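Please look over the model below.

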Amino acid sequence: MITVKFSASLRDLTGEDDEIEIDAPTVRRLIKLLDERYPGIGERLNDATSVAINGEILPDAIYEDIPDGAEVHFLATIAGG
Amino acid sequence: MSRTHVSCNINGDDVDFLSESGGSLLNALRDDVGLMGVKEGCGTGDCGACSVLMDDRVTCACLIFAPEAEGRSIVTIEGLAGADELHPLQQCFLEGAALQCGVCTPGFLMAAKALLDNNPNPTETEVRYALAGNLCRCTGYDKIIRSVLDAAEGMRQNGAQA
Amino acid sequence: MTMTEDPKNAPSYKWVGSRSIRPDGLDKVTGKARFGADLKLPNMLEGAVTRSPHAHARIVSIDTSAAEAMPGVHAVITAADLPDLAEAGAKTDDVFMSAKVLARDKVLWEGHPVAAVAATSREQARAAADAIDVVYETLPHVLTVDEALADGAPVLHDTMITKGADPVPEHASNAASRALHERGELDKGFADADLVLEREYTTKPVHQGYIEPHACVADAGQDGRAELFVSSQGHFSMRAMTATTLGWEPSQLNVTPAEIGGGFGGKTTIYLEPLAVRLSTKAGRPVRLVMDRGEVFKATGPTSGSRMKIKMGVTNDGQITAAEVWMAFEAGAFPGSPVGAAAMTAIACYDIPNFVVEGFDVVCNKPKVAAYRAPGAPIIAYGIESIIDELAKGIEMDPIDLRLKNAAVEGTQASYGPQFPRIGFVETLEAIRDSEHYKSPVPEGCGRGMASGFWFNIGGNSTATVHINEDGNVNVITGSPDIGGSRASMALFAAEEFGIDVDRVSANIADTQTIGFNDVTGGSRVTLATGSVVIDCCRAIKEDLRRRAAKTWDCEVDDVEWVDGQAQHASGTETPLSLADLAAKAPRTGGPISVTKSNNVRGAGAGFTTQLVDVEVDDELGVCRVVRYTTAQDAGKAIHPSYVEGQMQGGVVQGIGWAFNEEYIHRPDGTLDNPSFLDYRIPVASDLPMIETIVVEVPNPNHPYGVRGVGEAGIVPPMAAIANAIDDAVDCRLVDLPMSPVRLLDAINQRGE
Amino acid sequence: MDYVAPTTVEDAVGALASSPDSRVFAGATDLIPQIRSGRPEPGLLVDLKRIDRLTAVTENDASWTIGAATPTSRLTEDPAFSGQFPGLSEAAGLIGSDQIQNRSSLGGNLCNASPAADSVPAMLVNDTRAVIATADGTRTIPVGDVTTGPGSTSLSTGEFIVEFEVDKPPADTGDAYIRMIPRTEMDIAVVGAGARITLDADGNCAEARVALGAVAPTARRVADAEAALTGQPINDDTLAAVAAAASDACDPIDDKRGTIAYRKQVAGVLAKRAVRLAADRAAGITTANGAH
């Protein structure tokens with residue numbers, strides 16, 4: 001089981017859920033499962049997002065493994081000057 | 001567009017070039033003479049990146065019509081170092097990390113040379129005002145000012161020994 | 001001055017942390033360094049761009065015939081010469097990027113390119129560009145977020161529906177997207193507070209102000225390929241974006257990086273490049289395109305102007321209980337302001353239990369914004385760090401103590417989501433608190449202020465190659481343009497890894513056909529990410545060198561160690577083999593010694609800074625000068641301390657310019673009133689004191705040497721620090737940037753009214 | 001554009017008459033940026049700097065003659081001139097960076113006819129005269145009669161300024177020029193104020209001249225401020241009257257560099273400070289310049 005915390009920017013899709021527990025070994029699988037639960041969220045999450053797994057921010061994270069018990073956040077991609 | 005024949009001395013060499021009469025010395029130096037160390041940052045005398053010495057006076061090459069150089073002596077960044085030795089200012093800029101991107105550096109070095117030629121022992125405030133016509137966006141000026149002061153001190157000591 | 005977390009346990013290095021001469025230094029002090037405008041190819045044409053004189057207009061027609069007939073003109077292009085990406089079903093962002101480089105149906109800001117010309121001289125090109133006859137039907141324009149969001153405002157993009165809005169709007173508007181971060185219960189948080197303040201702040205667009213204008217040279221062949229020489233922060237990105245707008249594959253372009261004369265984020269995107277390539281394909285000759293300063297100001301990216309509303313509550317003992325933040329950022333003509341990052345960074349320094357942070361990305365008729373140093377963070381920090389100062393004064397608490405009490409630390413759930421790993425915010429606060437500056441009395445007639453700032457820092461994609469030359473010297477090759485001395489750091493990494501003199505390392509940046517992919521130089525990523533890959537290369541080579549030495553000595557690899565630049569046999573029986581010895585034997589031990597590594601580097605370490613400033617105010621003139629400035633920043637590890645200090649000082653001084661004078665001033669007709677360095681006033685040397693630096697080193701555990709990245713955070717606090725110091729000096733709270741003499745005198749006049 | 005560099009005033013007059021869109025220049029520090037910003041290019045550029053008279057600085061018995069094209073750095077570096085006219089020297093020295101100083105001239109600064117020209121208030125308070133070359137020789141007019149509005153002068157087509165004449169100041173006299181700019185260098189004056197004060201034996205003001213720049217279409221003397229000082233001691237009361245008169249004399253505009261309200265208020269402050277500085281100099285008290 002992992003914990004996924006949604007930013008308020010996703011609230012239009014996740015409704016009242018700001019945190020869920022789910023079983024997903026990779027980011028790709030997680031997004032697929034989330035899209036089944038919250039239709040349309042997959043497109044939003046695939047589109048220029050970074051993923052924070054246990055505090056570490058990972059861009060291009062789609063194939064990243066998620067360790068059991070991890071806390072996952074979806075973030076806007078960060079660039080910089 | 002009329003072109004004017006210009007004869008002058010650049011970095012110790014007698015040089016002839018044909019220039020567009022209303023063109024700037026900056027464009028002539030870069031395009032006609034090939035001295036690409038003279039940089040254009042603004043073209044209006046507000047940034048100092050094109051600073052050169054004309055008859056030992058620091059000026060912005062972008063604010064000089066090319067034909068005005070007739071008979072004058074011009075020194076650009078390409079003429080600052082000796083064959084096997086950098087000018088002390090150049091050496092101090094390197095050692096003092098006085099440059100980041102480096103595009104303003106030629107202009108700063110020429111303006112600093114003009115300053116030290118006239119005032120070998122400037123205060124920090126004098127250096128800051130003497131270099132106020134040169135914009136640097138990378139460094140915050142701190143290391144540039146220190147490097148000019150270091151160079152001045154080194155040149156004074158060498159001068160005292162010589 | 002450097003403060004390391006625990007000096008006793010800090011590893012000692014010979015080269016890392018030393019102040020070596022930068023590899024590119026000699027060329028830059030002698031005028032040899034070749035920047036974007038410095039390449040002159042045989043047969044080269046000069047280009048010029050025709051730009052919109054209007055802030056918003058429909059293009060009725062473009063007649064290029066007169067220009068084409070002019071002497072010396074070899075090519076004229078308009079949007080018709082580029083593929084219509086909208087028609088091709090491309091991504092919206094790419095359609096906008098294409099429309100940015102060459103307007104198709106509408107011009108959206110003064111300076112928007114509509115055509116370009118290549119001719120045998122600059123003057124001929126300029127004359128022809130001016131002779132292109134464009135008929136416009138002007139449209140009403142919007143210049144600020146207030147104008148753009150007003151009811152009935154003219155809409156720039158008639159299909160743009162606000163992303164992230166809940167509910168989804170039915171009609172197009174100028175609000176491109178909404179970002180939102182929430183936690184806890186706002187009402188409860190404010191109810192718990194003893195002091196609640198509510199303030200509004202505004203900022204104006206400011207430009208990165210690099211001294212080198214944009215420039216490139218394109219040389220297209222008859223084979224559908226082109227060479228591009230360009231000053232940018234990332235030639236691989238230039239290649240990708242240029243190819244997209246041309247409808248090419250990236251591999252059709254080889255992009256060679258020029259030396260870059262400053263970027264600060266502004267040279268991470270394309271402007272001239274596709275035009276130069278297209279002109280070159282049309283003319284069959286090389287084409288150079290160089291902007292003048294006016295074009296740089298009018299047509300390249302500033303960062304956003306903004307309006308912000310902030311409400312914050314604190315208890316009498318200094319606990320910040322709640323924050324409500326609303327902000328709208330100007331994106332310019334196309335979506336993409338840094339409001340998302342601003343929303344993430346807004347209160348990231350602090351552990352606040354209840355908050356709502358909401359941000360809107362708003363288009364208007366100004367140039368599309370580009371990244372600028374910690375994009376978004378300095379803007380919102382102006383408000384946040386100002387209101388925190390007011391709260392501290394309100395509860396009579398030292399502003400450093402208030403920040404310490406609420407500071408994010410390792411394990412704090414960052415306002416933007418994840419938990420912070422080891423970070424050094426507290427250490428920067430303590431460094432300032434313990435500084436001689438902070439302990440010194442405030443000079444007579446002056447005021448003192450402080451503020452803090454945060455930037456994520458990033459990793460990303462990098463490739464590096466390291467060769468050992470046949471003489472045993474080292475070539476390091478990366479694809480990351482060097483905008484602030486990164487070659488020096490790459491050389492130091494290699495020298496440290498191999499245990500050789502740094503003078504034996506040459507650090508280079510190669511073109512897109514010579515080295516593998518690298519992301520743009522930005523986000524403070526190069527020393528961290530490209531540095532990591534260089535270190536990986538060096539370590540792989542050291543393994544290889546040990547194998548080769550073992551082969552030479554006919555022993556086990558485990559018996560060979562690499563010490564101080566040479567292979568040594570553990571028994572001490574063999575004469576050590578230096579890099580030069582091993583390089584000489586290379587043909588007999590497996591061939592040339594060379595390794596290429598690449599990675600999408602993770603593990604960026606967040607960067608924090610705290611800054612302290614003393615200002616002197618002439619209260620009859622409204623003129624404020626900085627008399628002393630100290631900045632403490634967590635670098636993780638300073639690889640080349642001089643260039644770390646340089647980044648800190650440069651960021652601070654850009655912030656000082658932003659605080660006092662820098663702004664885009666638009667006339668009512670939407671044209672820019674100050675497109676020159678005379679009236680867009682970046683700081684000059686005589687405006688400033690020395691900028692004192694305290695390099696804090698809380699190592700990033702994810703980097704071999706502890707690097708975090710130092711390019712961005714420095715610009716975040718200065719505007720608020722100065723506002724706080726002005727308030728201390730003259731009891732005036734300025735809430736609009738820039739805090740110009742006119743504004744400051746006005747505030748002084750109204751004081752006590 | 002064609003370019004000529006005559007060596008005599010007569011040749012310059014002739015060159016100027018030879019082409020309908022000819023234009024004289026000295027340092028070109030205003031001309032080139034104006035051309036770059038889109039103003040029409042002259043057909044013929046007449047460079048005045050090869051005419052000896054236009055770059056000569058001469059100390060006469062009772063006056064100075066300054067060639068109109070003389071680089072302003074020559075004035076600031078001349079100890080005799082700067083000693084007698086510290087305010088005028090400083091004003092000349094505020095026209096841009098060192099790079100500009102080696103090109104900019106009093107003639108150019110005046111004839112560019114910017115209301116903000118730094119040297120003009122300082123020339124006004126010193127009653128400087130302009131010697132103008134005409135087709136028939138020369139004529140001499142007060143500097144205050146040269147500019148008629150932003151960008152316009154009273155000079156006829158074909159005329160140019162050859163040199164300036166300025167009488168040496170009487171005893172117990174000091175001049176000053178200070179300006180307000182947002183930075184410390186490289187800016188156009190938002191407000192500038194010049195003053196010249198002559199003290200009598202009691203230390204009261206025997207004669208006062210006050211002039212303002214950048215607050216009206218042309219730089220102007222402030223008669224009410226001068227009247228408030230004449231015969232009076234220099235003290236807080238008279239300085240307050242100077243400030244009020246200076247603010248009242250302003251007819252400024254709102255623009256990117258400042259507002260009407262700001263300019264009016266600051267004109268008063270700077271006039272007061274310039275008078276104070278000039279009076280200190282007249283009394284032999286040397287102090288640093290009050291503002292850059």
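A residue counts as buried when 20 or more other C-beta atoms lie within 10 Å of its own, with C-beta atoms placed from the backbone. The model is predicted.

**Helix H19 of chain C**

By that cut-off, twelve of the 13 residues of H19(C) are buried, so the helix is largely enclosed by the rest of the structure. H19(C) covers residues 718–730, and at 1.5 Å a residue it should span 18 Å; the C-alpha atoms at its ends are 18 Å apart, which agrees. The buried residues include C:Pro718, C:Met719 and C:Ile722. C:Asn724 and C:Asp728 are also among them.

What do the buried residues of H19(C) pack against? Three helices of chain C take part: H11 (377–394), H18 (641–660) and H20 (741–750). Strands E19 (446–455), E27 (607–618) and E28 (623–634) of chain C take part too. Just after H19(C), C:Asp731 has a positive phi of about 60 degrees.

**Helix pairs in chain C**

H18(C) is one of the partners of H19(C). Their axes come within 8 Å and cross at roughly 55 degrees. Angles of 65 to 115 degrees count as roughly perpendicular, and this pair is therefore oblique. The crossing is right-handed. From H18(C) come C:Val652, C:Gly655, C:Ile656, C:Trp658 and C:Ala659; they meet C:Pro718, C:Met719 and C:Ile722 of H19(C). By class, this contact has seven nonpolar residues, one polar and no charged.

Elsewhere in chain C, helix H3 (residues 92–101) packs on helix H7 (residues 235–246). The angle is about 85 degrees, and the axes are 10 Å apart. H3(C) and H7(C) are therefore roughly perpendicular to each other. On H3(C), C:Asp94, C:Met97, C:Ser98 and C:Val101 make the contact. On H7(C), the residues they meet are C:Met241, C:Thr244 and C:Thr245. This contact divides into three nonpolar, three polar and one charged residue.

The two pairs are set out below.

| Helix pair | Angle | Axes |
|---|---|---|
| H18(C) and H19(C) | roughly 55 degrees | within 8 Å |
| H3(C) and H7(C) | about 85 degrees | 10 Å apart |

**Contacts between chains**

Which chains share the most contacts? Of the four pairs of chains in contact, it is B and C. Chain B brings 44 residues to that contact, and chain C brings 44. On the side of chain B that touches chain C, helices H2 (88–95), H3, H4 and H5 (142–161) of chain B each give two or more residues. H2(B) has the largest share, four residues. This side of chain B holds 24 nonpolar, eleven polar and nine charged residues.

Chain B also touches chain D: 26 residues of chain B are in contact with 21 residues of chain D. Strand E4 (57–60), helix H3 (105–118) and helix H4 (124–130) of chain B each supply at least two residues to that side. E4(B) gives the most, with four residues. By class, the side of chain B that touches chain D has eleven nonpolar, twelve polar and three charged residues.

Key
Residues numbered from 1 in each chain as written. Chains lettered and ligands numbered in written order. Predicted model: local features only at pLDDT ≥ 70, side-chain atom pairs only at ≥ 80, totals over all residues. Contact = placed C-beta atoms within 7 Å. Nonpolar A, V, L, I, M, F, W, Y, C, P; charged D, E, K, R; others polar. Expected span 1.5 Å × (residues − 1). Axes fitted to C-alpha atoms, helices over the stretch in contact; angles between N-to-C directions. Parallel < 35°, antiparallel > 145°, perpendicular 65-115°, else oblique. Left-handed = near helix turned anticlockwise from the far one by under 90°.
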